[in-house]
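Student: I have a two-chain model open and would like to go through it piece by piece. Can we start with the strands and work outwards from there?

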Amino acid sequence: MGRTLAEKVWDEHVVRHGGAGEPDLLYIDLHLLHEVTSPQAFEGLRLEGRAVRRRDLTIATEDHNTPTLDIDKPIADPTSRTQIETLRRNCAEFGVRLHPLGDAEQGIVHVVGPQLGLTQPGTTVVCGDSHTSTHGAFGALAMGIGTSEVEHVLATQTLPLSRPRTMAVTVEGELPEGATAKDVILAVIARIGTGGGQGYVLEYRGSAIRALSMEARMTICNMSIEAGARAGMIAPDETTFAYLQGRDHAPTGADWDAAVAHWRTLATDDDAQFDAEVVVDAAELQPFVTWGTNPGQGLPLSGAVPDPDALGDEGQAAAARRALEYMDLVPGTPLRDIAVDAVFIGSCTNGRIEDLRAAAEVVRGQRKADGVRVLVVPGSARVRLQAEAEGLDRVFTDFGAEWRFAGCSMCLGMNPDQLAPGERAASTSNRNFEGRQGKGGRTHLVSPLVAAATAVRGTLSAPVDLEAPQPLVPA
Amino acid sequence: MDPVTRHTGVGVPLRRNDVDTDQIIPAVYLKRVSRTGFEDGLFSAWRQDPSFVLNQPAYSSGSVLVAGPDFGTGSSREHAVWALKDYGFRAVLSSRFADIFRGNAGKQGLVAGQLAQEDVELIWKQLEARPGTEVTVDLQERVVLCAELVAPLHVDDYTRWRLLEGLDDVGLTLRDVDAIDAFEQQRPAWKPRTLLER
């Protein structure tokens with residue numbers, strides 16, 4: 001019987017097969033580090049007198065804690081500063097390559113890996129961050145791990161892991177104008193729920209997925225974890241190879257040919273069986289927004305705040321009641337009537353150059369709505385430089401937005417970029433959990449297009465809402 | 001890691017679905033570089049509400065958390081497990097756990113035990129009717145005991161074995177160092193490297 005993409009990549013990395021009920025020992029090709037989930041792992045190595053087994057498969061950057069203003073000055077928050085300094089000391093002591101704040105390759109770890117060409121098809125990628133699923137867009141098996149596992153990979157370059165089940169998420173057809181990768185994944189999560197993918201690796205497939213750029217594919221794989229799946233993957237194809245070729249760490253010459261020949265063998269075989277399948281009709285997708293406090297609580301922007309009592313399942317109804325109370329929303333309110341205080345464009349979900357270009361096109365020549373704070377945070381220093389070379393920074397600042405340095409920023413509010421209690425944001429990030437963007441803050445997850453249109457109008461909007469109304473009678 | 005076989009302690013009913021790790025411990029508490037002292041961050045936003053379950057004296061010294069489905073979703077932060085342990089919890093029971101949280105718990109000696117949702121409901125009723133009721137989580141016998149209830153406990157065999165033996169993962173893996181060496185010998189040359197020299 002044929003095998004799926006996930007099974008092929010898994011099989012290629014088994015160092016030792018576990019017995020019945022035991023995990024396999026899996027080799028890790030690439031380990032990404034950042035300041036938040038690594039200090040206790042390095043300390044563990046130190047206590048045991050262990051070294052980093054493969055420094056040449058390990059790379060670190062600073063992203064979660066870093067400020068997005070005044071990056072040339074010392075970090076004001078002493079605990080953030082200590083954590084950053086700890087990473088720098090650890091990387092120096094253990095010989096790990098680090099791109100610190102201010103470096104041209106610094107940025108959100110999941111933007112940096114692909115940008116350098118380190119994320120490649122058929123590799124295993126881990127990082128102490130749940131959005132490591134992003135790298136699955138290249139046909140890599142990529143997953144978030146905890147700090148104990150970070151220590152384990154540093155020491156052994158392997159992880160004991162139980163073979164996951166596989167789920168096909170098939171998106172056929174053509175996305176309508178205005179519907180993007182973000183809308184695809186928000187719709188998928190709303191469909192299968194935040195636990196629907198637990199125990200599975202998702203494989204996104206179908207004509208709508210194949211038509212997407214690498215950056216759009218990364219947006220989709222990034223949020224696999226929001227459906228409960230530790231990893232999401234997309235078969236590598238010509239789009240993948242074209243993105244990789246010529247990048248710093250992509251193979252060259254005969255190595256490139258050998259690599260591509262191998263990568264072409266990774267796609268799921270025609271006769272392979274998935275353990276589960278979800279089918280989505282691309283033509284039915286529209287701009288999507290979340291109304292609640294988990295990423296599965298979302299609806300098309302054309303909808304209204306739901307009535308918890310109509311949700312059926314009592315657990316879900318109770319969760320929805322709690323969510324609406326936290327979000328200060330009333331059932332029946334059209335989503336387009338919801339006014340926001342802030343708009344955040346950035347994150348490992350939507351902080352790449354195509355996201356910034358899409359948002360800039362919507363706001364070009366406009367002024368932001370009064371009283372709305374608009375934060376644009378590139379996903380990496382390189383994305384920022386590219387955007388500036390294209391003049392996008394001017395488009396955003398002329399619009400009235402703040403143009404910041406790269407980092408995770410308001411996605412999780414570990415640095416000073418936070419919502420105040422009660423403030424409401426339209427955010428291109430990945431989690432609308434209570435307090436995620438700042439204590440008491442309220443988050444609506446949206447695509448870059450919806451974020452930009454919302455910044456123009458001040459209420460949840462799509463670009464179509466910005467078009468001048470057509471006269472009923474031709475002039 | 002200390003072996004875990006059987007634990008008895010006050011049960012805490014947490015009637016919520018989708019308890020994500022941002023709720024278990026918000027990001028602002030993740031800036032520390034130590035591995036202990038995270039108890040003040042545990043459920044920190046919810047603990048500001050006087051009616052929150054851990055603010056009720058009968059439950060505040062609890063050590064077995066009984067939660068709704070999809071516990072531990074979201075961020076991979078192991079700090080969520082550290083915070084639960086530092087507060088005094090030895091086991092979390094739910095009908096469904098997020099994969100990363102369950103893995104992290106197993107590595108830190110916190111039992112993430114799966115129960116049928118109807119058993120969770122029965123335990124909730126008992127704990128709410130008689131606050132302070134103790135719950136026994138018996139890893140050896142794979143059962144949870146609460147008043148008259150004897151509920152099957154689901155923990156995968158490998159995690160159970162490691163918890164019962166108190167085994168450290170890195171030490172276990174290093175027994176296979178020859179297999180790792182051999183695997184590395186046959187990795188293709190074109191695989192990515194972060195450094196030019198090794």
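Student: Which residue in β16(A) is the bridge partner of A:F344?

Tutor: Keeping in mind that this is a predicted model, the bridge partner of A:F344 in β16(A) is A:L375. Strand β15 of chain A, residues 342–345, is joined to strand β16, residues 373–376, by 4 bridges, and the two run parallel.

Student: And what stands opposite A:F344 in β18(A)?

Tutor: That is A:S427, and the pairing of β15(A) with β18(A) is parallel too, over 3 bridges.

Student: What order do the strands of that sheet take?

Tutor: The sheet is open and has 5 strands in the order β17-β16-β15-β18-β19 of chain A, with parallel pairing. At its edges are β17 (402–403) and β19 (442–445) of chain A, each of which pairs on one side only. On the β19 side, strand β18 (residues 424–427) pairs with β19(A) in the parallel sense over 4 bridges, and A:R424 has A:R442 as its bridge partner there.

Student: Back to β15(A): are its faces covered or open?

Tutor: Both faces are covered, with A:A342 and A:F344 buried on one side and A:V343 and A:I345 buried on the other. Strand β15 is also among the elements that cover the buried residues of helix α13(A), a group that includes α12 (347–350), β16, α14 (381–389), α15 (392–399) and α16 (448–457) of chain A.

Student: Why do you call α13(A) largely enclosed by the rest of the structure?

Tutor: Because 8 of the 11 residues of this helix, which covers residues 353–363 of chain A, are buried. They are A:I353, A:D355, A:L356, A:A358, A:A359, A:A360, A:V362 and A:V363. The helix is followed by A:G365, whose phi is positive, near 80°.

Student: Which residues have the most contacts inside the largest nonpolar core?

Tutor: The largest nonpolar core has 197 residues, and those with the most contacts inside it are A:V343, A:V363, B:V66, B:L84 and B:V92. Helix α6 of chain A, residues 181–192, supplies the largest share of this core, 8 residues. As general background, nonpolar side chains tend to be buried together in soluble globular proteins.

Student: What does B:V66 touch?

Tutor: Leaving aside residues up to four places away in sequence, B:V66 touches B:G11, B:V12, B:P13, B:L14, B:L93, B:V120, B:I123, B:W124 and B:L127.

Student: How many helices and strands are there in chain B?

Tutor: Chain B has 8 helices and 7 strands, and its C-alpha trace spans about 65 × 40 × 25 Å along the principal axes. Of its 198 residues, 47% count as buried.

Student: Which residues are buried in helix α6 of chain B?

Tutor: In that helix, residues 157–165, the buried ones are B:T159, B:R160, B:R162 and B:L163. Seen down the axis of α6(B), they fall within an arc of 165°, so they line one face of the helix. These buried residues pack against α4 (99–108) and β4 (111–114) of chain B.

Student: Changing topic, how many residues does each chain bring to the contact?

Tutor: Chain A brings 66 residues and chain B brings 50. On the side of chain A that touches chain B, helix α5 (residues 147–156) gives the most, with 6 residues. That side of chain A has 20 nonpolar, 32 polar and 14 charged residues.

Student: Last one: is A:E284 buried or exposed?

Tutor: A:E284 is exposed, with 12 other C-beta atoms within 10 Å. This residue lies in the loop between β12 (276–281) and β13 (288–290) of chain A, and its C-alpha atom is separated by 25 Å from that of A:T166, 118 residues apart along the chain.

Methods
Residues numbered from 1 in each chain as written. Chains lettered and ligands numbered in written order. Predicted model: local features only at pLDDT ≥ 70, side-chain atom pairs only at ≥ 80, totals over all residues. Pairing = 2+ DSSP bridges. Contact = placed C-beta atoms within 7 Å. Nonpolar A, V, L, I, M, F, W, Y, C, P; charged D, E, K, R; others polar. Core = buried A, V, L, I, M, F, W, Y, C linked by C-beta atoms within 7 Å. Buried ≥ 20, exposed ≤ 12 C-beta atoms within 10 Å, placed from the backbone. Arc of directions from axis to C-beta.
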